[in-house]
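Me: I am new to this structure and would like to know what stands behind the terms used for it. Please set each value against its definition.

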Amino acid sequence: MFEDAENFADIFRGGLPYLLIALPLFFICSANPVLASSEFSVQRMSQFDVNGVAYGCRASALSLEAKSLYTWSTGRHCVVAKLQELTIEQFRDIRQKAGGLVILLPKNVSAMSLEEKQHLYLLEQAMLAQPNSIPIYFSAYNAELERIITDITRTTRDNEAGKAQRSSAASELFATISANGYQVIVSGASHLASKNSKIPIIQGELTSSSKILKQGEVGLESGNKQPLIIVTAHLNTFGLYHDYPLNADAAVLMTLADLFSKMHNTPNAMPKYRLLFLLTESGTLLNFQGIKKWLDENVQLQEDIVSITGTLIALKKPNNIKKENVDFVLCLDTITQSLNADIGNLYMHVSKPPKEGTAMNDFFKLLKTLAELHGNVTVDGVHKKINLADQQLAWEHERFSMKRLPAFTISALKSPKEPVRFTIFKDSDEQLIEQTQQHAKIIAESLAHYVYGIQEPNEIFADTLQISKKLIKSYLYLKSALHNNDLKNAFEKYLKNVKIIYDKPDTRDPDFLFYDGKEARLNVYHVKPAVFDLFLTILICAYLATVYFIIQYFPAIYDTVCKMTKTQAPQTLNNSHSTSNNTKSKIN
């Protein structure tokens, strides 16, 4: 049986050991632990700097095991959850200890309850309050991703229920090895500083036909003695992530430009005022940097003091806008609430209470009267001093007040710190358009009464000049001037001397900075857990160790087997002889 055993041993001393070692390696390389995979488009959380302070998400790379809100434990886990199920306390814990966060956005925000909506914008405010060192991604509602989150949560609950039933450590280990998991990988994202960081600022004016300046001139020279009213708003281009929030303020500004352009072109209705419309693409999150840039270029103090060789010399600088020529600056900020968009009060925010007989006080009286007449809306005045120690200004009009221009902000919010001001989520179009239409009507009537000197309350914008929902809707979803020319074309349609300037950050000490990596691809793989790989590695190591010892001690094993074979052979022969003799004796 073992006559060729020596040759057989030679085989083991040849290439067979290498083959036995290579087989497990081939098995590892060819084994595919991925059971299924899915791909989703995601948005990375916004990342930007303002005055040297970092905000938003500061990382982008992600390749971790997916866990639910209740099972993650280390920095090797990525939490995958629904936004409405995430609490502020859980988020703060995740941003400090987890490796990443993937959030599924709600399917229909407008269908949520009031408490759920309040939870959303409070969570938004907490997420943007400070920089986050882990990658955070948002996915629009997707049924497949929701199924994965449900599966992760259900698997967790099943494991917890089974753990209570299992009594031995062996059964617990087997359940852990046989379980399935998910791996999340994000590709195509980076977080490098953008080389194209800039903020567009667009302006245009309305003036009497005899006062219209030549096309291409700024139209704000001090030689023009006609009183000036400035109407400003900002266009938000991002929020919690890179998508457009509600821009009702820009829609109201464009509606005012539309209406007053028709009035200014009527020969018998030429006002005594110039109207300057100013729209910047930097709001609260960017500390109104666009307005700061515009003011620095167009409004200067009457006297600048400089020091030359130790001597103070007063230098006169030409002003584009003189303080005495400006009646007031009307700023629009959150004129419509994105969530809970019901017709409510309006507030006129000022840095200094207007004195009796001033233009601001006269306009405030008109605003209160006409708001009650046309919408049964109450208008209250709110006074807040400018705190120069704060990193962020509260309202846009504070930029103008710091330049000694009379300015105020009209808003649907009583406090600048209300979380709904920063939300990126929106109610249904019908609710938003209705509130925006109502507030635009009140502001347009008040401004027209002031510009045309009408003392008795009346309705000016009626019939053909009526503010329609269609008009509001056409401006409600304006895009950035960096994305298309719709904004510029709208300004040129109604206004004169339209001009766009860009605020770019300084290379050495930037006031603001944007970052790349807004969009990415999220891949979710259904895989065996990491403990399965460990278990498989142990089995392979045990196999290789067994093969090694068999080969190493084969001669001893061979001798043992041969001795056992030789001792068994005589016994078998004796047994056969005894059996034969017994058979013969029985026959005899």
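Me: How many aromatic pairs does the structure hold, and what makes two rings a pair?
Reply: The structure holds 14 aromatic pairs. Rings of Phe, Tyr and Trp (its six-membered ring) pair if their centres lie within 6.5 Å; planes under 30 degrees apart count as stacked, over 60 as edge-to-face and the rest as tilted. This is a predicted model, in which local features need pLDDT of at least 70 and side-chain atom pairs count only at pLDDT 80 or more, while totals for chains, interfaces and linings use all residues. Residues are numbered from 1 along each chain as its sequence is written, and side-chain values use heavy atoms, with hydrogens and water left out.

Me: Why is the pair of Phe260 and Phe461 called edge-to-face?
Reply: The ring centres of Phe260 and Phe461 are 5.7 Å apart and the planes stand at 65°, so the pair is edge-to-face. The pair links distant parts of the chain, with Phe260 in helix α7 and Phe461 in the loop between α11 and α12, 201 residues apart. Helices (H or I, at least four residues) and strands (E, at least two) are DSSP runs, numbered from the N terminus.

Me: Why are α7 and α12 called oblique to each other?
Reply: The axes of α7 (residues 248-264) and α12 (residues 469-476) come within 8 Å and cross at roughly 125°. Axes are lines fitted to C-alpha atoms, for helices over the stretch in contact, and angles run from 0 to 180 degrees between N-to-C directions. Angles under 35 degrees count as roughly parallel, over 145 as roughly antiparallel, 65 to 115 as roughly perpendicular and the rest as oblique. α7 and α12 are therefore oblique.

Me: Which residues of α7 and α12 meet, and how do they divide?
Reply: Ala248, Ala251, Met254, Thr255 and Asp258 in α7 meet Leu471, Ile472, Tyr475 and Leu476 in α12, where contact means heavy atoms within 4.5 Å. These residues divide into seven nonpolar, one polar and one charged. Ala, Val, Leu, Ile, Met, Phe, Trp, Tyr, Cys and Pro count as nonpolar, Asp, Glu, Lys and Arg as charged, and the others, Gly among them, as polar.

Me: What makes α7 oblique to α11?
Reply: The axes of α7 and α11 come within 10 Å and cross at roughly 45°, and that makes α7 oblique to α11. On the α7 side the contact includes Val252, Leu256 and Phe260; on the α11 side, Ala440, Ile443 and Leu447 are among the residues. The contact of α7 with α11 has 10 nonpolar residues, one polar and no charged.

Me: How do you know that β2 and β3 pair?
Reply: Two strands pair if DSSP finds at least two bridges between them. Four bridges join β2 (residues 47-50) to β3 (residues 53-56), and the two run antiparallel. Phe48 stands opposite Tyr55 in β3. The hairpin has two residues between the strands, and Asn51 takes a positive phi near 55°.

Me: What makes β3 and β19 edge strands?
Reply: β3 and β19 (512-514) each pair on one side only, in an open sheet with the order β3-β2-β19. Three bridges join β2 to β19, and Val50 has Phe512 as its bridge partner in β19.

Me: Which strands are at the edges of the eight-stranded sheet?
Reply: The edge strands are β16 (379-383) and β18 (496-503); the order is β16-β15-β17-β14-β10-β11-β9-β18, with mixed pairing. From one strand to the next, the twist averages 20°.
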